[in-house]
Amino acid sequence: MTATPAIPHVVGVLGGGRMGAGIAHAFLIKGATVIVVERDHESAAGAQGRVAEAVAKSAARGTLTETAGEALSRFSTSTDYDSFVHCGLVVEAVPEDYELKVAALKAVEEHLSADAFLASNTSSLSVTGLASQLRRPANFVGLHFFNPVPASTLIEVVLAKETSPELAATAKSWTEALGKTAVVVNDAPGFASSRLGVAIALEAMRMVEEGVASAEDIDAAMVLGYKHPTGPLKTTDIVGLDVRLGIAEYLHSTLGERFAPPQILRDKVARGELGRKTGKGFFDWTD
């Protein structure tokens with residue numbers, strides 16, 4: 001199977017956690033050759049397993065146009081940035097920390113050809129700020145995928161001030177080729193999705209904190225009354241309370257007091273109640 005013309009033939013992903021593996025899977029099942037680079041061999045093995053599991057689920061649902069084995073034959077993992085040398089696009093998917101992302105993006109850029117594109121999966125950090133640290137900012141864009149990537153139909157395309165018009169149009173075509181819908185936004189704190197999503201989630205947390213209603217009933221109000229697929233608190237559990245706290249702290253620093261993290265969020269993170277990934281957050285995930 002050949003790659004869909006609208007996506008690069010070879011795509012790299014830096015970071016193979018839940019999001020990185022989901023991004024790798026999205027490009028892989030549309031025909032691209034995909035390389036995930038991780039920090040060590042154990043992490044690379046974990047990424048291999050996550051992508052293989054996602055491909056197997058796609059095969060079981062009948063959404064592949066080839067066998068799972070054929071798809072996985074185009075997938076590999078590595079611990080060496082040199083593995084990105086032939087990529088037309090690399091998507092960075094490391095944790096939401098500005099200094100970490102800058103270091104990662106700079107390291108990746110050193111191994112790319114001059115006409116290759118680089119993207120960040122950041123959900124809130126300044127794409128323009130990240131671009132300013134790169135040698136080729138015109139070739140850089142934000143591609144904010146949503147968790148879980150296979151089920152989500154949205155990609156937020158975030159344009160830095162120096163993102164080229166060519167890349168802006170191309171990024172939208174990649175999104176469409178992946179079978180998703182692009183929302184194109186200019187760089188601003190939290191973009192559109194995180195800014196609105198976190199605002200609702202923080203208010204829901206304050207309501208729990210104040211004893212207005214239970215987490216279950218607050219979420220039910222948003223699901224039944226506003227047709228949200230999941231409520232803001234369950235979504236927070238899925239995203240990770242630590243991730244939501246990091247985003248809220250950044251938005252608080254850039255947009256003011258309305259994004260101040262509630263104490264209940266800080267306390268849960270301090271106790272290690274991070275949501276689905278630890279078995280407990282605003283809900284119990286141990287069953």
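**View 1. Buried residues of helix α10 in the predicted model.** An α-helix has 3.6 residues a turn, so residues three or four places apart point the same way. Cover for the buried residues of α10 includes α7 (193–209), α9 (232–239) and α11 (263–270).

**View 2. Span and end of helix α10.** Residues 241–255 form α10, 15 residues in total. From first C-alpha to last, α10 reaches 20 Å. That is close to the 21 Å expected at 1.5 Å a residue. Gly-256 follows α10. The phi of Gly-256 is positive, near 105°.

**View 3. Surroundings of Glu-273.** Glu-273 lies in the segment after α11. Its relative accessibility is 11%, so Glu-273 counts as buried, the limit being under 20%. The side chains of Glu-273 and Arg-271 are joined by a polar contact of 3.0 Å. Leaving out residues up to four places away in sequence, Glu-273 touches Leu-241, Lys-268, Thr-278, Lys-280 and Gly-281.

**View 4. Lining of the largest cavity.** The structure holds one cavity of 30 Å³ or more. By class, four lining residues are nonpolar, one is polar and two are charged.

Conventions: Residues numbered from 1 in each chain as written. Predicted model: local features only at pLDDT ≥ 70, side-chain atom pairs only at ≥ 80, totals over all residues. Heavy atoms only, no water. 1 Å grid on protein atoms, 1.4 Å probe; cavity = no way out; pocket = protein on both sides within 12 Å on 5 of 7 lines; lining within 4 Å. Points joined across faces, edges and corners; volume = space filled by probe spheres on them. Nonpolar A, V, L, I, M, F, W, Y, C, P; charged D, E, K, R; others polar. Helix = DSSP H or I, 4+ residues; strand = E, 2+ residues; numbered from the N terminus. Expected span 1.5 Å × (residues − 1). Buried < 20%, exposed > 50% of the residue type's maximum accessible area, 1.4 Å probe, protein only. Contact = heavy atoms within 4.5 Å. Polar contact = N/O pair within 3.5 Å; in protein donor to acceptor, adjacent residues only side chain to side chain.
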